[in-house]
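Subject: Structure for you to look at

Hello,

Here is the structure I said I would pass on.

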Amino acid sequence: MAVDNRSHVRRVLLITLLLNLFVMVLKAGVGWLTGSLSLLADALHSVTDSANNVMGLIASRFSSPEPDRDHPYGHQKFEAVGALGIAAFLGIACFEILQGAIEHLLTPRHTPVKISPQELWILLIVLGVNIFVAFYERREGLRVGSPILVADAKHTMSDIWVTISVMGGLIGVWAWGLQWLDVVLAFPVAILVFYSGWSVLKENLPSLVDEVAIAPEAIHAIAMQVPGVLNCHDIASRGVVGRQTFIEMHLIVSAPDVETAHQMTEDLEARLEARFGPARILIHVEPPGYTSDQITYESPKSGVEKGRP
């Protein structure tokens, strides 16, 4: 049975939301005082951090693993949808950063960036908060199996590299007067933001499109370890291993009665749950006379007809 971890996820998201708002205010304030394009772009990146936390709270509210009449398989895909929302925010942030950088290249500004050691120290505090948030959120996301926390931690991890890049550029401006560094560094910031969004998209699409969760050969091998099982076929699986998986198959058994066949399925379900749980497993029992060389799902258009020999 899937564990409802939503209250813990919401608590982590609330903590990170408050910290991200704190970071956003510091970046925007220093960016406005210094006139730094790269730092204002970084502040925009932090706006998406806070928006992601709010979206995560909304998604978590509706992502109960418990089924109901309208959602018999539970609601956990809401979290994956929320993670895709994070990817969309990252894409918007990437576009805004690139647009601002290109505008400044085409129309050079006359007011130079001015940065002081005190403002650099403030950015160092910002960097420390970002590091804490990223590792805290990732640790808790892996511990409770929450894709939205792991996705948000990836976003915050990109924020760390963005802040390091921006700080490097501002140190160059402060120490050597290299004004062009501020605009140039806005481009790698955009690339890092885009990469984070792509990573989140790639990790969450498989569960939304019901990509196979477990190799059918692995399920077949476990089934064949159960005494009395002759073969299994039409194996299908979806979901996320370690969080919630759905497995179904046809099982050919050699059993003298229904009760014995039922005990075989119970044995197999226990083995699969121990290996891939939490899982919901559906097994269709068939008699020894049924033959099939297939262990994977067969399309109705494949032309293969099932039946007794």
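A residue counts as buried when its relative accessible area is under 20%, as exposed when that area is over 50%, and as partly exposed in between, using a 1.4 Å probe and protein chains only. By that rule, 45% of the 309 residues of the chain are buried.

Please keep in mind that this is a predicted model, in which local features need pLDDT of at least 70 and side-chain atom pairs count only at pLDDT 80 or more, while totals for chains, interfaces and linings use all residues. Residues are numbered from 1 along each chain as its sequence is written, and side-chain values use heavy atoms, with hydrogens and water left out.

Overall layout

Helices (H or I, at least four residues) and strands (E, at least two) are DSSP runs, numbered from the N terminus. The chain has nine helices and three strands. Their order along the sequence is α-α-α-α-α-α-α-α-β-β-α-β.

The nonpolar core

In soluble globular proteins, nonpolar side chains tend to be buried together. A nonpolar core here is a set of buried Ala, Val, Leu, Ile, Met, Phe, Trp, Tyr and Cys residues joined through side-chain atoms within 4.5 Å. The largest such core contains 39 residues, and those with the most contacts inside it are Leu39, Ile97, Leu123, Val166, Leu170, Val189 and Val193. At least two residues of this core come from each of helix H1 (6-34), helix H2 (37-61), helix H3 (77-106), H4, H5 and H7. Which helix gives the largest share of this core? H5 does, with nine residues.

How the helices pack

Two packed helices are described by the angle between their axes and the distance between the axes. The axes are lines fitted to C-alpha atoms, for helices over the stretch in contact, and the angles run from 0 to 180 degrees between N-to-C directions. Angles under 35 degrees count as roughly parallel, over 145 as roughly antiparallel, 65 to 115 as roughly perpendicular, and the rest as oblique. A crossing is left-handed if the near helix is turned anticlockwise from the far one by less than a right angle, and right-handed if clockwise.

Helix H4 (residues 117-144) packs against helix H5 (residues 147-176) at an angle of about 165 degrees, and their axes are 8 Å apart. H4 is therefore roughly antiparallel to H5. The contact of H4 with H5 is made by 22 nonpolar, four polar and five charged residues. In this count, Ala, Val, Leu, Ile, Met, Phe, Trp, Tyr, Cys and Pro are nonpolar, Asp, Glu, Lys and Arg are charged, and the others, Gly among them, are polar. H4 and H5 cross in a left-handed way.

H1 and H4 pack at about 160 degrees, with axes 10 Å apart, so H1 is roughly antiparallel to H4. Their contact has 18 nonpolar, five polar and five charged residues. The crossing of H1 and H4 is left-handed.

For H8 and H9 the angle is about 135 degrees and the axes are 10 Å apart. These two helices are therefore oblique to each other. H8 passes H9 in a right-handed crossing.

Salt bridges

Side chains of opposite charge can pair when their charged atoms come close. A salt bridge is a side-chain nitrogen of Lys or Arg within 4 Å of a carboxyl oxygen of Asp or Glu. How many does the structure hold? There are four salt bridges.

- Arg139 pairs with Glu140, with the closest N and O atoms 3.0 Å apart. Glu140 is buried, at 5% relative accessibility. Arg139, Glu140 and Arg143 are linked in a network of salt bridges.
- Asp267 pairs with Arg271, with the closest N and O atoms 2.9 Å apart. Both lie in helix H9 (residues 258-276), four residues apart, which is about one turn of the helix. Asp267 is partly exposed at 28%, and Arg271 is partly exposed at 29%.
- Asp210 pairs with Arg238, with the closest N and O atoms 3.9 Å apart. This pair links distant parts of the chain, 28 residues apart: Asp210 is in the loop between helix H7 (186-208) and helix H8 (216-223), and Arg238 is in strand E1 (residues 229-240). Asp210 is partly exposed, with a relative accessible area of 37%.

Regards
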